[in-house]
Amino acid sequence: MMSPVVGSALFPVILLIVLAFTIRRVGLVNDTHVAGVERVTYVVFFPALLFSNLSTASFDDLSVWSLVAVLAGLQVVLGGLSWLLLVKVLPDGPSATSAFQGANRFNSYIIFALVFAVYGDAGIQIAAVPLALMIIIVNVYCVTMLARHGTPPEGATSPNLWRSLITNPLIVACVLGLAVNPLQIEWPGPVDTMFGWFGTAAIALGLFAVGAGLSPITGKGSVLAIGLASATKLVVKPAIFLAIALMIGLSPDLIAIGLMCTIVPPATSAYILARQLGGNAPLMAQIVTVATILSAATVTAWCLIWPVGA
């Protein structure tokens, strides 16, 4: 029996990403339109989705916090190990930083689309907390590595890391949602309906931004960097997570949600960071595009190995 996530969740995600990529390539929308869609999704719709779900979530199941610890710990350890490896095996610092982002950044839009399709709001409530911690960890790693090994354009200044973290809309939404959670507010009907609309918009527009933001694969690039980043992100990380989750006895549904947090390709925003802070931006675009294409096969494989939602 095919896993529900493959037929009812993964295929729609792939179709929407391909459609958005096609719409952008034929010129129906331009870079300004895509940037606007991504911006409003990032600062309005996704934060609203996170806040509304976390503010009413129940965290009575203590095993959820085991999932949080595993995912955050894996982000820390794998980030450190991949940093040491990539700066040794790749020929230059900017290429190493782009491969590092490819191996460690994750596309939250795809994660939430998959989790919501299988587990609904309850799944979003569980996934949001570890993802907030993972966002903090990966941003600290990426900005620090780019500062040490990148070659920023002349006159460019590095962003204030801590300011960028405390003003990150996704992190702020998670913190506020958890702060309000003990009150267990029952949102009035119109407000609850609005939150539902925002959540639907967040997933649809987030996936559209992913597809429209992909770049055609051009030039030779670095096969080694692309291979190392894609293998780490799509194969090594989910394999380690699954082994640890089984070892500590997480429930099948928590394993499924955690697995969906580890099997997605890197975020297209990695290209912007590489361009601003001196990474190898063309290589970064290739890594994101190749990993996104490969993820159609690897996500399917992982969902067959562990029958998500079955």
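Colleague: Where does glutamine 184 lie?

Modeller: Happy to start there. Helices here are DSSP runs of H or I with at least four residues (strands are runs of E with at least two), numbered from the N terminus. Helix α7 covers residues 169–180 and α8 covers 189–213, and glutamine 184 lies in the loop between α7 and α8.

Colleague: And what kind of model is this?

Modeller: Residues are numbered from 1 along each chain as its sequence is written, and side-chain values use heavy atoms, without hydrogens or water. Local features need pLDDT of at least 70, side-chain atom pairs count only at pLDDT 80 or more, and totals for chains, interfaces and linings use all residues, because the model is predicted.

Colleague: What phi value does glutamine 184 have?

Modeller: Most residues other than glycine have a negative phi. Glutamine 184 has a positive one, and the value is near 45 degrees.

Colleague: Is glutamine 184 buried, partly exposed or exposed?

Modeller: The cut-offs are under 20% relative accessible area for buried and over 50% for exposed, with partly exposed in between (1.4 Å probe, protein chains only). Glutamine 184 has 40%, so the residue counts as partly exposed.

Colleague: Which residues does asparagine 181 touch, not counting those up to four places away in sequence?

Modeller: Asparagine 181 also sits in the loop between α7 and α8, and at 11% relative accessible area the residue is buried. Contact here means heavy atoms within 4.5 Å. On that basis, asparagine 181 touches Leu54, Ser55, Thr56, Ala57 and Phe59.

Colleague: How are α2 and α7 oriented to each other?

Modeller: Axes are lines fitted to C-alpha atoms, for helices over the stretch in contact, and angles run from 0 to 180 degrees between N-to-C directions. The axes of α2 and α7 are 8 Å apart, at an angle of about 25 degrees. Angles under 35 degrees count as roughly parallel, over 145 as roughly antiparallel, 65 to 115 as roughly perpendicular and the rest as oblique. Therefore α2 and α7 are roughly parallel.

Colleague: How many nonpolar, polar and charged residues make the contact of α2 with α7?

Modeller: On the α2 side the contact includes Tyr42, Phe46 and Leu50, and on the α7 side Leu170, Ala173 and Leu176 are among the partners. Ala, Val, Leu, Ile, Met, Phe, Trp, Tyr, Cys and Pro count as nonpolar, Asp, Glu, Lys and Arg as charged, and the others, Gly among them, as polar. That division gives 14 nonpolar, two polar and no charged.

Colleague: How far apart are the C-alpha atoms of valine 43 and alanine 173?

Modeller: Valine 43 is in helix α2 and counts as partly exposed at 33% relative accessibility. Valine 43 and alanine 173 are 130 residues apart along the chain, and their C-alpha atoms are separated by 9.6 Å.

Colleague: What is the handedness of the crossing of α2 and α8?

Modeller: Helix α2 (residues 31–56) packs with α8 at an angle of about 140 degrees, and the axes are 8 Å apart. A crossing is left-handed if the near helix is turned anticlockwise from the far one by less than a right angle, and right-handed if clockwise. The crossing of α2 and α8 is left-handed.

Colleague: And how are α3 and α4 oriented to each other?

Modeller: Helix α3 (residues 63–89) and helix α4 (residues 93–104) have axes that come within 10 Å and cross at roughly 155 degrees. The helices are therefore roughly antiparallel.

Colleague: How far apart are threonine 298 and isoleucine 263 in space?

Modeller: Threonine 298 is found in helix α12 (residues 281–305) and is buried, at 17% relative accessible area. Threonine 298 and isoleucine 263 are 35 residues apart in sequence, and their C-alpha to C-alpha distance is 7.6 Å.
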